[in-house]
Amino acid sequence: MKLQYQLNAAFTALLLVIMAVTGFVVYSMILNLLIQDEERQLEQKGELLVRFLSEEYGSSRNIDEFSHFLESQDLQLILYDRNQNYVYFSTMPVEIVQGFADNNNFSNNSEGLWEYKNNKFVTSKKVVYPESAGLELILLTPLNDLQSVQQNFIMRMFIVFLVGAMAAVLLSYFLTNKLVTPLTRLKRQLKKIEKRQFDEIERVKATGEIKEVEQSVFEMAEELQRYMHSQQIFFQNASHELKTPLMTIQGYTEGIKDRVFDEETEEQNLDIMIAEVKRLKKIINEMILLAKLDSEQSAYEPTEVYIASLMARVKERVLPLVQEKHIHLDTVIDERLSLYVDEEKMLRALLNILTNGIRYAATTVKITAVKQNEKIVLTVEDDGKGIPNDLLPHIFHRFVKGKSGETGLGLAISRAIVEQSGGRISVDQSMLGGARFVIRFDK
Ligand SMILES: Nc1ncnc2c1ncn2[C@@H]1O[C@H](COP(=O)(O)OP(=O)(O)OP(=O)(O)O)[C@@H](O)[C@H]1O
Ligand SMILES: [Mg+2]
């Protein structure tokens with residue numbers, strides 16, 4: 001069942017319950033209230049009449065004159081002599097008065113309602129002055145009259161309820177529609193995300209929590225689109241990078257098989273093939289490492305690592321390259337600094353950066369590790385040509401490399417490791433002339 005129908009049904013049910021309870025309470029109270037009110041009115045009328053009678057006719061006590069006057073009033077009444085238990089006069093038919101006399105005790109003052117056949121009467125008694133005369137004026141109103149007032153009232157209340165309920169249901173429909181429409185639209189947008197039709201996604205106007213959900217959905221779609229795009233680029237680059245060495249190897253093996261090379265060239269070609277196979281192996285290993293870092297499959301085992309000892313290990317590894325290229329390694333390291341990281345992974349990250357530096361430096365590579373503004377800052381810079389401006393924003397992306405680059409995965413791996421270790425890596429221009437890589441850790 002649609003949410004809108006559910007909300008409307010719940011609201012209507014609630015309204016019906018409230019109306020039924022109100023209707024029942026009003027219905028059961030209204031007759032009593034009408035009776036009480038009628039009694040009061042009869043009492044007031046009786047009082048007026050009795051006072052008038054006492055003043056006008058009191059002295060003469062002429063019952064006939066009483067009767068004459070009372071007859072002229074448009075009232076249902078009985079003039080009764082309590083002392084003699086005798087009805088002097090009544091504006092009501094004789095058989096009804098007789099019926100009252102049979103069914104009810106005229107002298108009983110506490111009897112509120114009198115009954116005759118199936119009809120009941122509201123009564124009020126007043127003693128006519130002087131009391132010793134024993135004359136009583138009894139005023140009556142048939143309950144039927146009050147019941148028709150009650151029916152009339154209930155009928156009107158029912159009509160008011162009906163109109164009110166209709167207006168309320170219409171209003172509820174309008175409000176729930178306003179609430180549900182953005183959700184329905186949002187559902188349509190989610191369907192588009194599911195079908196990956198990112199370009200067709202439209203913003204949905206909404207308020208409150210729905211607006212927040214809409215915002216999150218939109219951001220999620222953007223993120224998903226970015227992710228899918230980067231995956232696509234990654235696969236394109238990866239297949240291209242793998243295809244190139246494979247084609248070289250294929251070309252040389254076919255040449256060797258067809259014996260198109262002389263012995264010396266064949267030897268050289270085999271060396272090229274070995275180098276290409278090594279490159280392939282390196283690309284694949286780096287891709288596997290990146291995939292592991294991405295999925296956080298590889299266990300990350302942080303320990304307290306002193307930067308000085310970590311750098312000593314890095315320098316040891318790059319020593320052959322440093323000697324081969326006659327590079328001067330300049331290090332400024334604060335011996336007290338330590339990091340809480342996975343040592344082997346951090347070693348790998350720094351090695352990638354330092355190998356690049358040594359490869360591209362002219363004469364010098366400088367490494368520093370200092371504490372700045374409560375942060376540990378590591379820098380690796382060189383005096384080479386630096387990174388071309390067009391490469392700079394993408395240098396940490398996978399397979400992004402310069403003219404003399406190898407796989408273009410080294411810096412992507414370094415960034416993944418640094419970020420996994422809670423640091424940030426950036427690159428800019430060094431004062432020495434080349435590139436400067438900066439890694440910052442919050443301490
Ligand atoms: N210190 C540097 N000076 C100048 N260019 C650099 C420097 N470091 C990196 N680069 C450029 O950035 C590119 C990407 O470097 P990265 O380490 O990611 O890949 P790579 O060195 O080509 O391959 P790999 O490191 O996987 O062997 C390099 O190809 C190079 O063009
Ligand atoms: Mg590199």
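The model is a predicted one, with local features requiring pLDDT of at least 70 and side-chain atom pairs counting only at pLDDT 80 or more, while totals for chains, interfaces and linings use all residues. Residues are numbered from 1 along each chain as its sequence is written, and chains are lettered from A and ligands numbered from 1 in the order in which they are written.

Helix α6 itself covers residues 263–295. (Helices, H or I of at least four residues, and strands, E of at least two, are DSSP runs numbered from the N terminus.) Its 33 residues reach 48 Å from first C-alpha to last, close to the 48 Å expected at 1.5 Å a residue; the expected span is 1.5 Å times one less than the number of residues.

As for the overall layout, the chain splits into domain 1 (3–151), domain 2 (208–295) and domain 3 (303–442), with bounds that come from an automatic or database domain assignment. The centres of domain 1 and domain 2, taken over C-alpha atoms, sit 104 Å apart.

Ligand 1 has 23 residues around it, a residue being near if its C-beta atom, placed from the backbone, lies within 6 Å. Asn-356, Lys-401, Gly-402, Gly-405 and Gly-410 are the closest. Both α8 (343–360) and α9 (410–420) supply at least two residues of this shell, and α8 gives the largest share, with four. By class, the shell holds eight nonpolar, eleven polar and four charged residues; Ala, Val, Leu, Ile, Met, Phe, Trp, Tyr, Cys and Pro count as nonpolar, Asp, Glu, Lys and Arg as charged, and the others, Gly among them, as polar.

The largest nonpolar core has 34 residues, of which Met-346 and Ala-349 touch the most other members. Such a core is a set of buried Ala, Val, Leu, Ile, Met, Phe, Trp, Tyr and Cys residues joined through C-beta atoms within 7 Å, where buried means 20 or more other C-beta atoms within 10 Å, exposed 12 or fewer, and partly exposed in between, with C-beta atoms placed from the backbone. Its largest share, six residues, comes from α9. A second, separate core of 21 residues includes Leu-49, Leu-79, Val-97 and Val-122.

Then there is Asn-85, in the loop between β1 (77–81) and β2 (86–90). Asn-85 counts as exposed because 11 other C-beta atoms lie within 10 Å.
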